[in-house]
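Hi everyone, thanks for making the time. Let me put the chain up on the screen, and then I'll walk you through it.

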Amino acid sequence: MTITVNNGAEQSEGVFDSFECAIEALAPRCAHCGCRVIGHGVESSGTVYCCAHCARESGASGVADNAGATAAIDHLTGEQGFR
Ligand SMILES: [Zn+2]
C-alpha cells in the first residue's frame with residue numbers, strides 16, 4: 001500500500017507507506033500543546049491549534065469546538081473554526 005498526498009503546495013507532497021508516516025511528515029502541530037493536528041483543528045490569526053481550548057489558552061478569542069454554535073461564532077468574529 002502506498003499513500004500519495006498532494007495539497008497543491010510543493011513542500012506538502014509525498015508518497016508514504018502508512019497514514020502514520022504521512023501524518024508525521026505533513027500534519028501541522030498545535031501551537032499550544034504540540035500534538036499533531038489530524039482533524040479540522042482550529043485556526044486563529046494564521047496559527048493552528050488542535051482544539052478551541054488550546055487556542056484560548058494561547059490568547060485566541062471567539063473560537064469554539066464543533067459543538068453546534070460554531071457557525072454563528074465564525075460569522076460574528078471572522079475567526080476560522082470547524083466547518
Ligand atoms: Zn493543542
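Let's begin with how the chain talks to itself. Among contacts between residues at least 6 apart in sequence, 10% join residues at least 24 apart; two residues are in contact here if their C-beta atoms, placed from the backbone, lie within 7 Å.

Before going on, a word on what you are looking at. This is a predicted model, in which local features need pLDDT of at least 70 and side-chain atom pairs count only at pLDDT 80 or more, while totals for chains, interfaces and linings use all residues. Residue numbers start from 1 along each chain as its sequence is written.

As for confidence, pLDDT is the predictor's own confidence in each residue, from 0 to 100. The mean for the chain is 81, with 75% of residues reaching 70 or more.

Now the layout. There are three helices and four strands, and from the N terminus they run β-β-α-β-β-α-α. Both kinds of element are DSSP runs numbered from the N terminus: helices are H or I with at least four residues, strands are E with at least two.

How much of the chain is buried? Of its 83 residues, 18% count as buried. The cut-offs go by other C-beta atoms within 10 Å of a residue's own, again placed from the backbone: 20 or more is buried, 12 or fewer is exposed, and in between is partly exposed.

On to the core. A nonpolar core is a set of buried Ala, Val, Leu, Ile, Met, Phe, Trp, Tyr and Cys residues joined through C-beta atoms within 7 Å. The largest one here has eleven residues, including Cys30, Val42, Tyr49, Ala55, Ala60 and Val63. Helix α2, residues 52-57, supplies the largest share of this core, with three residues. Take Ala55 as an example: leaving aside neighbours within four places in sequence, Ala55 is in contact with Val42, Ser44, Tyr49, Ala60 and Val63.

Next, Ala31, in the loop between α1 and β3. Ala31 counts as partly exposed because 19 C-beta neighbours lie inside 10 Å. Not counting residues up to four places away in sequence, Ala31 touches Thr47, Val48, Tyr49 and Ser58. For Thr47, 16 residues away in sequence, the C-alpha to C-alpha distance from Ala31 is 6.9 Å.

Ser45 is one to click on. It sits in the loop between β3 (42-44) and β4 (47-49), and has a positive phi of about 55° although it is not a glycine. Why does Ser45 count as exposed? Because it has 10 other C-beta atoms within 10 Å. Its C-alpha is 8.3 Å from that of Ala60, 15 residues along the chain.

Last stop, Leu26, in helix α1, residues 19-26. With 17 other C-beta atoms within 10 Å, Leu26 is partly exposed. From Leu26 to Val37, eleven residues apart in sequence, the C-alpha atoms are 9.7 Å apart. Leu26 and Asn7 are 19 residues apart in sequence, with 9.9 Å between their C-alpha atoms. Asn7 belongs to the loop between β1 (3-6) and β2 (13-16), and counts as exposed, with 8 C-beta neighbours inside 10 Å.
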